[in-house]
Amino acid sequence: MAQHAVTFLPSGKTVAVAENATLLQAAAQAGLVLDAPCGGGGVCAKCRVRIRAGHAATGGSSHRLTAAELDGGWRLACGTKVVAFDRGGATASGLVAFAQ
């Protein structure tokens with residue numbers, strides 16, 4: 001199974017996670033605790049992270065965040081899966097996320 005690097009700021013911790021792992025799972029693997037009182041169900045929107053580099057689809061976040069927030073790179077860690085993406089004809093992977 002493909003592995004992708006995820007770096008969390010401001011801690012600078014980087015972990016390799018399996019394809020389709022959520023950012024919430026990646027944070028836990030990095031030893032970080034994100035506020036997720038709903039248990040990762042996408043209800044509370046407290047696990048917001050901001051994508052600083054890489055690509056993260058909006059699908060798992062669009063029901064709780066505004067279009068402006070999504071355009072600004074904000075995602076819900078519980079609903080954002082880590083996947084490879086196409087960068088100008090080359091497959092790339094990896095994310096850099098700012099976790100509040």
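Reader: What pattern does the protein chain follow along the sequence?
Author: Along the sequence, the protein chain runs β-β-α-β-α-β-β-β-β. Helices (H or I, at least four residues) and strands (E, at least two) are DSSP runs, numbered from the N terminus. This is a predicted model, in which local features need pLDDT of at least 70 and side-chain atom pairs count only at pLDDT 80 or more, while totals for chains, interfaces and linings use all residues. Residues are numbered from 1 along each chain as its sequence is written, and side-chain values use heavy atoms, with hydrogens and water left out.

Reader: How many helices and strands does that come to?
Author: The protein chain has two helices and seven strands.

Reader: And what share of the residues is buried?
Author: Of the 100 residues in the protein chain, 37% count as buried. Buried means under 20% relative accessible area, exposed over 50%, and partly exposed in between (1.4 Å probe, protein chains only).

Reader: Which residues have the most contacts inside the largest nonpolar core?
Author: They are Val6, Phe8, Val17, Leu23, Leu34, Val49 and Ala77, in a core of 25 residues. H1 gives the largest share of this core, four residues. A nonpolar core is a set of buried Ala, Val, Leu, Ile, Met, Phe, Trp, Tyr and Cys residues joined through side-chain atoms within 4.5 Å. In soluble globular proteins, nonpolar side chains tend to be buried together.

Reader: Changing topic, how many disulfides are there?
Author: The count is zero disulfides, a disulfide being a pair of cysteine sulfur atoms within 2.5 Å. For cysteine 38, the nearest cysteine sulfur belongs to cysteine 44 and is 3.6 Å away. For cysteine 47, the nearest is that of cysteine 78, 3.7 Å away.

Reader: Is cysteine 47 buried or exposed?
Author: Cysteine 47 is buried, at a relative accessible area of 4%. Cysteine 38, in turn, is partly exposed at 31%.

Reader: Which residue forms a salt bridge with arginine 48?
Author: The partner of arginine 48 is glutamate 69, and their closest N and O atoms are 2.6 Å apart. Glutamate 69 lies in helix H2 (residues 67-71) and arginine 48 in strand E3, so the pair ties together parts that are 21 residues apart in sequence. The structure holds one salt bridge, defined as a side-chain nitrogen of Lys or Arg within 4 Å of a carboxyl oxygen of Asp or Glu. Glutamate 69 itself is partly exposed, at 22% relative accessibility.

Reader: Where does threonine 22 lie?
Author: Threonine 22 is in the loop between strand E2 (13-18) and helix H1 (23-29). At 13% relative accessibility, threonine 22 counts as buried.

Reader: What is threonine 22 in contact with, beyond its neighbours within four places in sequence?
Author: Threonine 22 is in contact with Ala77, Cys78, Thr80 and Lys81, where contact means heavy atoms within 4.5 Å. Threonine 80 is 58 residues from threonine 22 in sequence, yet their C-alpha atoms are 5.3 Å apart in space.

Reader: Which peptide bond is cis, with omega near 5 degrees?
Author: That is the bond from leucine 9 to proline 10. Proline 10 lies in the loop between E1 and E2.

Reader: What about phi of asparagine 20?
Author: Phi of asparagine 20 is near 75 degrees, a positive value in a residue other than glycine. Asparagine 20 is in the loop between E2 and H1 and is partly exposed, with a relative accessible area of 41%. Alanine 45 also has a positive phi, near 60 degrees, and is placed in the loop between H1 and E3. Alanine 45 is buried, at 15%.
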